Amino acid sequence: MRYDFLVETYASERIKVVSVWAEFRDDDLEVRPNSVDNRGRSVREQMVHQCVSEDLWFRNMLGIDIGETILPAKETRLEFIKKYAECSGNRLSALQQKDESWWEGEAQFFDVGLVEVARTDDLGEGEAMKVVIEGYEIALVNLGGGEFRAVDDICSHAHYFLSEGVVDAEERSIECPKHGSTFDLDTGVPKTLPATAPVATFGVKVEGDRVFIEVED
Ligand code: FES
């Protein structure tokens with residue numbers, strides 16, 4: 001088949017991922033290689049990201065949904081390797097069954113709709129984290145009681161990240177770490193100066209332990 005080289009590329013890429021993960025030990029999982037960059041991922045977070053984002057690309061862009069749990073129940077190096085090997089193996093099988101006309105079809109890149117961004121226990125109650133969808137930075141906030149909110153991660157006052165700010169779950173707001181403006185997490189409207197413009201808000205959906213953000217075209 002004319003596009004076998006693409007299938008072979010994925011086959012070698014998945015081996016590369018597993019080979020790199022095999023270099024780590026369990027004790028390395030919480031290590032943040034760039035210790036001065038709070039936004040840089042730890043080894044464990046990168047493994048989660050690889051599992052989640054690869055599933056996302058295949059489902060949303062290629063229409064290949066392997067219909068499985070994509071993260072290991074226990075987050076150890078070996079369990080990540082086994083789960084990723086299983087899922088990527090099933091994706092590879094799906095690719096091997098596609099004919100030339102499928103490879104020549106149009107892929108949907110940015111019409112993302114619901115995007116899975118985290119698991120509920122990835123952030124504690126009253127915490128925020130940055131998630132990135134198609135390069136767009138979003139602050140995901142856990143208000144507690146199963147309620148999550150998502151707003152633009154960039155403060156409307158200047159270029160600082162709200163995901164690094166303090167969440168007030170009772171007030172349902174987040175405080176910018178730079179100059180202290182607080183933003184209503186339901187509306188994105190600033191409640192205190194110096195910010196005067198609202199930040200964008202996004203719908204959030206929780207299904208079981210999976211957290212999705214709604215992104216429009
Ligand atoms: S950058 Fe956020 S309040 Fe100034």
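Three strands make up an open sheet in the order β5-β6-β7, with antiparallel pairing; strands, like helices, are DSSP runs numbered from the N terminus (E, at least two residues, for strands; H or I, at least four residues, for helices). Two strands count as paired if DSSP finds at least two bridges between them. The edges of this sheet are β5 (166–168) and β7 (182–184), each of which pairs on one side only. From one strand to the next the twist averages 25°. Three bridges connect strand β6 (residues 173–175) with β7 in the antiparallel sense, and E175 has T182 in β7 as its bridge partner.

The model is a predicted one, in which local features require pLDDT of at least 70 and side-chain atom pairs count only at pLDDT 80 or more, whereas totals for chains, interfaces and linings use all residues. Residue numbers start from 1 along each chain as its sequence is written.

A further open sheet consists of three strands in the order β1-β10-β9, again with antiparallel pairing. Its edge strands, β1 (113–119) and β9 (204–207), each pair on one side only. Neighbouring strands of this sheet are turned against each other by 30° on average, direction ignored. Six bridges link β1 to strand β10 (residues 210–215) in the antiparallel sense, and R210 in β10 is the bridge partner of R119.

Strand β2 (residues 127–133) and strand β3 (residues 136–144) run antiparallel and are joined by seven bridges. Within this pair, K130 stands opposite A139 of β3. The hairpin of β2 and β3 has two residues between the strands, and E134 takes a positive phi near 50° there.

Helix packing was examined next. Two packed helices are described by the angle between their axes and the distance between the axes. Axes are lines fitted to C-alpha atoms, for helices over the stretch in contact, with angles running from 0 to 180 degrees between N-to-C directions. The axes of helix α1 (residues 4–21) and helix α3 (residues 77–96) come within 10 Å and cross at roughly 180°. Helix α1 is therefore roughly antiparallel to α3 (angles over 145 degrees count as roughly antiparallel, under 35 as roughly parallel, 65 to 115 as roughly perpendicular and the rest as oblique). On the α1 side the contact includes V7, Y10, R14 and W21, and on the α3 side it includes R77, F80, Y84 and L92; residues are in contact if their C-beta atoms, placed from the backbone, lie within 7 Å. By class, the α1–α3 contact comprises 12 nonpolar, two polar and two charged residues, where Ala, Val, Leu, Ile, Met, Phe, Trp, Tyr, Cys and Pro count as nonpolar, Asp, Glu, Lys and Arg as charged, and the others, Gly among them, as polar.

Helix α2 (residues 43–62) packs on α3 at an angle of about 15°, the axes being 11 Å apart; α2 is therefore roughly parallel to α3. The contact is formed by M47, Q50, C51, D55 and F58 of α2 together with F80, K83, Y84, C87 and R91 of α3. Six nonpolar, one polar and three charged residues make up this contact of α2 with α3.

At the level of domains, the protein is divided into domain 1 (4–103) and domain 2 (113–215), with bounds from an automatic or database domain assignment. The domain centres, taken over C-alpha atoms, are separated by 26 Å. Five residues of domain 1 are in contact with five residues of domain 2. On the side of domain 1 that touches domain 2, three residues are nonpolar, one is polar and one is charged.

Note on methods
Two residues are in contact if their C-beta atoms, placed from the backbone, lie within 7 Å.
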